[in-house]
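Work through the exercises below with the model open. Try each task before reading its solution.

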Amino acid sequence: MADTEKTIQYLSFHLGDQEYGIAIGEVREISRVLQITPVPRVPVYVLGVMNLRGKVIPVIDLRLRFELPQQPLTTESCVVVVEGKQGEVGVTVDRVNEVLTLKETDIQVPPVLGSEAFLKFVTGMVKRPKALFMLLGVTHILAFQEFRNSPKNEDAA
């Protein structure tokens with residue numbers, strides 16, 4: 001009898017030592033880090049915009065979006081271009097790993113940790129041999145209403 005359990009593919013990547021995943025259906029492409037042009041009066045995690053083959057897309061530092069310590073971009077750093085409600089957005093990651101195929105039964109609901117901030121980004125968790133793998137929801141990472149409500153420099157008027 002064939003295994004008919006539904007599977008989902010995720011692009012896995014690292015921010016520091018933590019592994020994350022985004023559903024492959026939400027990923028448009030992976031790019032090396034190109035020149036990023038800063039944009040004034042945006043949240044600190046919005047690095048600016050970049051020209052990707054003639055298309056201007058905003059770029060978010062995923063480390064800063066998750067309130068992790070900022071790290072310089074390296075030769076392993078990539079921009080993962082994902083599709084949001086208002087178009088394509090690039091998110092910087094420390095390094096891209098692979099595309100994983102996961103069974104739905106492997107994905108667990110994230111625990112309640114006293115704050116919705118964690119649950120806002122993490123849609124599921126998967127036990128891996130060495131650590132937990134966190135699955136991210138692109139919609140919440142790219143909440144554009146927060147871009148308008150959270151300027152990085154209040155005194156830059």
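**Exercise 1.** Decide whether Tyr20 is buried or exposed in this predicted model.

*Solution.* Start with the relative accessible area of Tyr20, which is 8%. The cut-off for buried is under 20%. Tyr20 is therefore buried.

Next, look at Phe66. Tyr20 and Phe66 form a tilted aromatic pair, with 5.6 Å from centre to centre and 45° between the planes. This pair joins distant parts of the chain: Tyr20 belongs to strand S2 (residues 18-23), while Phe66 is in the loop between helix H1 (62-65) and S7. The two are 46 residues apart. Phe66 is buried, as is Tyr20.

**Exercise 2.** Classify the ring pair of Phe13 and Tyr20.

*Solution.* Two aromatic pairs are counted in total. For Phe13 and Tyr20, the ring centres lie 6.0 Å apart and the planes meet at 20°. Planes under 30 degrees apart count as stacked, so this pair is stacked. Phe13 has 0% relative accessibility and so counts as buried. Now join the pairs: Phe13, Tyr20 and Phe66 form a cluster.

**Exercise 3.** Find the ring that Arg65 lies over.

*Solution.* Arg65 lies over the face of Tyr45, 4.6 Å from the ring centre. Repeat for Arg128: its charged end sits over the ring of Phe133, at 5.6 Å from the centre.

**Exercise 4.** Trace the order of the strands in the open sheet.

*Solution.* The six strands run S3-S7-S8-S6-S5-S4, with mixed pairing. S3 (27-32) and S4 (36-37) are the edge strands, each pairing on one side only. Then take S7 (residues 78-84) and S8 (residues 87-93): they are antiparallel and joined by seven bridges. Glu83 has Glu88 in S8 as its bridge partner.

Terms used
Residues are numbered from 1 along each chain as its sequence is written. This is a predicted model: local features need pLDDT of at least 70, side-chain atom pairs count only at pLDDT 80 or more; totals for chains, interfaces and linings use all residues. Side-chain values use heavy atoms; hydrogens and water are left out. Two strands pair if DSSP finds at least two bridges between them. Helices (H or I, at least four residues) and strands (E, at least two) are DSSP runs, numbered from the N terminus. Rings of Phe, Tyr and Trp (its six-membered ring) pair if their centres lie within 6.5 Å; planes under 30 degrees apart count as stacked, over 60 as edge-to-face and the rest as tilted. Buried means under 20% relative accessible area, exposed over 50%, partly exposed in between (1.4 Å probe, protein chains only). A charge sits over a ring if NZ of Lys or CZ of Arg is within 6 Å of the ring centre and within 35 degrees of the ring normal.
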